[in-house]
Amino acid sequence: MITSSKEQTEDVSSETNLRPQNFSEYIGQEQIKKNLDIAIQAAQKRGEVLDHMLFYGPPGLGKTSLAFLIADALGSNIQVTSGPALEKAGDLASILTNLERGDILFIDEVHRLNNALEEVLYSAMEDFVIDIVVGQGPSAKTLRLDLSPFTLVGATTKFGSLTGPFRSRFGNVYNFDFYHPAEIQQILQRSSDLLGADISEDEVLEQIAQRSRQTPRVANRLLRRIRDYADVYNNGYITAEAADSSFELLGIDAYGLEEGDKKLLSALIENFNGGPAGLATLAAATAEEPITIEEIYEPFLLRQGFIQKTARGRVATEWSFQYLGKEGSPKSNSLL
Ligand SMILES: Nc1ncnc2c1ncn2[C@@H]1O[C@H](COP(=O)(O)OP(=O)(O)OP(=O)(O)O)[C@@H](O)[C@H]1O
Ligand SMILES: [Mg+2]
């Protein structure tokens, strides 16, 4: 889906180009930036390595971008990997032993590291040592290796999936929030300058921002699609009218909702009478993967007040019923 906040193949190259190059180009997330600035300055004053950091929040909100900026600010190298990419303890050990003092190790989807690797990270994070087993059977020996002090920056969309001991080893935990439409507009302004997109009418950026699910990645992707449309049908001029036609073709409504969102809301309202319905049940009813519902549809629908999450499952709000023009009423909170 076009408004998926998850990274898609095309995003990878264009995101490298559109990625903020310094903190002043990194719009929004003010609280995180302030805390980070203090952490960086304090570490530099004391000549220490920056404490480990955990970034969590929905996809596309700028976690990876910020990790690169930190490395840049520190003048350190950044090594990038991800939970699913690391399989054997040896893979991780070789990355760790190659780090230099003050380097950043960025692990995306850190909640998907397997247990054995998580254990390796415990001692690496806490004491900058790892124990590796050499040899097999009775002659196997444990060898302790010293590491250069480094900073682990872990990113996750699922804070709750991290074990307590792992979480507690991160000295700084930053929760990434959705962006204000005005911030998204600023990001779009910069991106359209970089892309050389001809935005012919001022309201266009507002139109795109409104449909971007408060997510920079989605905003940049919509901008690229509208630019394509304008190049093909409007001599490259991105007007409000061209943008509207493009949104219509893409199937995105004024709230940034797509077919998939509507399917989910309809299922909740029509099949389950507004809920509560569990994740697995909703997944079956909509033929979507539970993880897609959890990571892509839900965070935004929750944020926008279309649904609520309760102990007994998801419920549709009054706003949802209105949005779909459905009769009936949402479950009142007192019943949940
Ligand atoms: N604060 C920001 N200011 C300007 N542009 C941003 C900002 N945050 C994100 N972007 C843009 O959005 C794109 C996606 O951001 P990024 O890859 O950092 O997200 P992410 O949180 O790491 O996502 P994921 O969870 O999928 O890894 C970036 O390439 C960048 O162009
Ligand atoms: Mg990322």
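Guide: A helix crossing is called left-handed if the near helix is turned anticlockwise from the far one by less than a right angle, and right-handed if clockwise. The model is predicted, so local features need pLDDT of at least 70, side-chain atom pairs count only at pLDDT 80 or more, and totals for chains, interfaces and linings use all residues; side-chain values use heavy atoms, with hydrogens and water left out. Residues are numbered from 1 along each chain as its sequence is written, while chains are lettered from A and ligands numbered from 1 in the order in which they are written.

Visitor: Which hand does the crossing of helix 4 and helix 5 have?

Guide: Helices (H or I, at least four residues) and strands (E, at least two) are DSSP runs, numbered from the N terminus. The crossing of helix 4 and helix 5 is right-handed. The contact, meaning heavy atoms within 4.5 Å, involves Ala 89, Leu 92 and Leu 96 from helix 4, and Leu 117, Val 120, Leu 121 and Ala 124 from helix 5. Nonpolar residues are Ala, Val, Leu, Ile, Met, Phe, Trp, Tyr, Cys and Pro, charged ones are Asp, Glu, Lys and Arg, and the others, Gly among them, are polar. By class, this contact of helix 4 with helix 5 has seven nonpolar, no polar and no charged residues.

Visitor: At what angle do helix 4 and helix 5 pack?

Guide: Axes are lines fitted to C-alpha atoms, for helices over the stretch in contact, and angles run from 0 to 180 degrees between N-to-C directions. Angles under 35 degrees count as roughly parallel, over 145 as roughly antiparallel, 65 to 115 as roughly perpendicular and the rest as oblique. Helix 4 (residues 89-97) packs with helix 5 (residues 115-127) at about 25 degrees, their axes 9 Å apart. The two, helix 4 and helix 5, are therefore roughly parallel.

Visitor: How do helix 8 and helix 10 pack?

Guide: The angle between helix 8 (residues 203-210) and helix 10 (residues 240-250) is about 20 degrees, and their axes lie 9 Å apart. Helix 8 is therefore roughly parallel to helix 10. Their crossing is right-handed. Helix 8 contributes Glu 203, Val 204, Gln 207 and Ile 208 to the contact, and helix 10 contributes Ala 240, Ala 243, Asp 244 and Phe 247. These residues of helix 8 and helix 10 divide into five nonpolar, one polar and two charged.

Visitor: In what order do the five strands of the open sheet stand?

Guide: Two strands pair if DSSP finds at least two bridges between them. The order in this open sheet is 2-3-6-1-7, with parallel pairing. Strand 2 (78-82) and strand 7 (172-175) are at the edges with a single partner strand each, so one side of each has no neighbour in the sheet. From one strand to the next, the twist averages 15 degrees. Helix 2 (residues 30-46) packs on the sheet, touching strand 1 (53-56) and strand 7, and its direction makes about 160 degrees with that of strand 7. Strand 2 is joined to strand 3 (residues 104-108) by five bridges, and Gln 79 stands opposite Leu 105 in strand 3.

Visitor: Where does Gly 135 take a positive phi?

Guide: Gly 135 does so, near 80 degrees, in the hairpin of strand 4 and strand 5, which has six residues between the strands. Strand 4 (residues 129-134) and strand 5 (residues 141-146) run antiparallel, joined by six bridges. Ile 132 has Leu 143 in strand 5 as its bridge partner.
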